[in-house]
Amino acid sequence: MRLLLVEDEKELAKPLKEGLEYQKYAVDLAFDGQDGERLARENNYDVIILDIMLPQKDGISITKSLRADGISTPILMLTAKGTVEDKTVGLDAGADDYLPKPFAFGELSARVRALLRRAGTEKKPVLQVADLQLDPATHDVIRAGKDIELVKKDFQLLEYLMRNADRVLTRAEIEEHVWDRNAELWSDVIRSHIKTLRAKIDKGHKTKLIKTIHGVGYKISAK
């Protein structure tokens, strides 16, 4: 899952980014409204976490502009203003949820998960393709009853493939959803991670699930 965090308070933004990345999200970060809106328009995010009071352009204006142009990405609005009137303004502008500061990271994380479920990106508690299972909540990966240990990025890649089972994903789509925009990717990075997944997921099994579609990208399928 790829998130956009737009927050000008660096002492808050950086720990939030690190916390969300620890929970297996890819996170892009913007420190002002103008850069945040540009990123929201250029990339396909699963959730946008947006502060209201920002330099260059405020969160209310950004939300109205995105909604007016048909961008329906779920928005969680952050603000130091917590009155009912302030919440009403944010929600009426098109935000999906509202979290006043200060807040506990656990609550923000729970609200992000709720928005993902509402948007349909967490359709099943456990993802399954043939005899391969992945639990997004516990990060357990099992094939044919055997536990498989994956590092963070391999888990994120496998999760994205399984959420889009039977669909061919281009390299650009994979980069966009699994890596954040500041990551320096060498040319064969995706192929290298696919190779690692095959060694852990498919080796020793008659049915190979991870498939290369030459010239296009990759998919996971039992067919």
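**Entry 1: ground rules**

I number residues from 1 along each chain as its sequence is written, and side-chain values use heavy atoms, with hydrogens and water left out. Because the model is predicted, local features need pLDDT of at least 70 and side-chain atom pairs count only at pLDDT 80 or more, while totals for chains, interfaces and linings use all residues.

**Entry 2: the core**

I looked up the largest nonpolar core and found 26 residues in it. Such a core is a set of buried Ala, Val, Leu, Ile, Met, Phe, Trp, Tyr and Cys residues joined through side-chain atoms within 4.5 Å. Buried means under 20% relative accessible area, exposed means over 50%, and partly exposed is in between (1.4 Å probe, protein chains only). V141, L158, I174, I201 and I220 have the most contacts inside this core.

Next I asked which elements supply at least two residues each. They are β6 (127-129), β7 (132-135), α6 (152-163), α7 (171-178), α8 (189-201) and β12 (217-220). Helix α6 gives the most, with 6 residues. My labels follow DSSP runs numbered from the N terminus: helices are H or I with at least four residues, strands are E with at least two.

I then picked V141 and listed what it touches, leaving out residues up to four places away in sequence. The list includes L132, L134, F155, L158 and I201, and also K146 and D147. Contact here means heavy atoms within 4.5 Å.

**Entry 3: salt bridges**

How many salt bridges does the structure hold? I found 18. The rule is a side-chain nitrogen of Lys or Arg within 4 Å of a carboxyl oxygen of Asp or Glu. A reminder to myself: side chains of opposite charge can pair when their charged atoms come close.

- D35 bridges to R38, with the closest N and O atoms 2.4 Å apart. The two are 3 residues apart in helix α2 (residues 33-42), so about one helical turn separates them. D35 is buried at 18% relative accessible area, whereas R38 is partly exposed at 36%.
- D96 bridges to R67, and here the closest N and O atoms are 2.9 Å apart. This pair links distant parts of the chain, 29 residues apart: D96 sits in the loop between α4 (84-93) and β5 (97-100), and R67 in helix α3 (residues 59-68). D96 is partly exposed at 32%, and R67 is partly exposed at 23%.
- D202 bridges to R143, with 3.0 Å between the closest N and O atoms. D202 lies in the loop between α8 and β11 (210-213) and R143 in strand β8 (residues 140-143), so the pair ties together parts 59 residues apart in sequence. Both D202 and R143 are buried.

I also noted a network of salt bridges that links E7, E9, D51 and K101.

**Entry 4: α6 against α7**

Helices α6 and α7 pack at an angle of about 125 degrees, with their axes 10 Å apart. Axes are lines fitted to C-alpha atoms, for helices over the stretch in contact, and angles run from 0 to 180 degrees between N-to-C directions. That makes α6 oblique to α7; under 35 degrees counts as roughly parallel, over 145 as roughly antiparallel, 65 to 115 as roughly perpendicular, and the rest as oblique. Which residues make the contact? On α6 they are K153, Q156, L157 and Y160, and on α7 they are E173, I174, H177 and V178.
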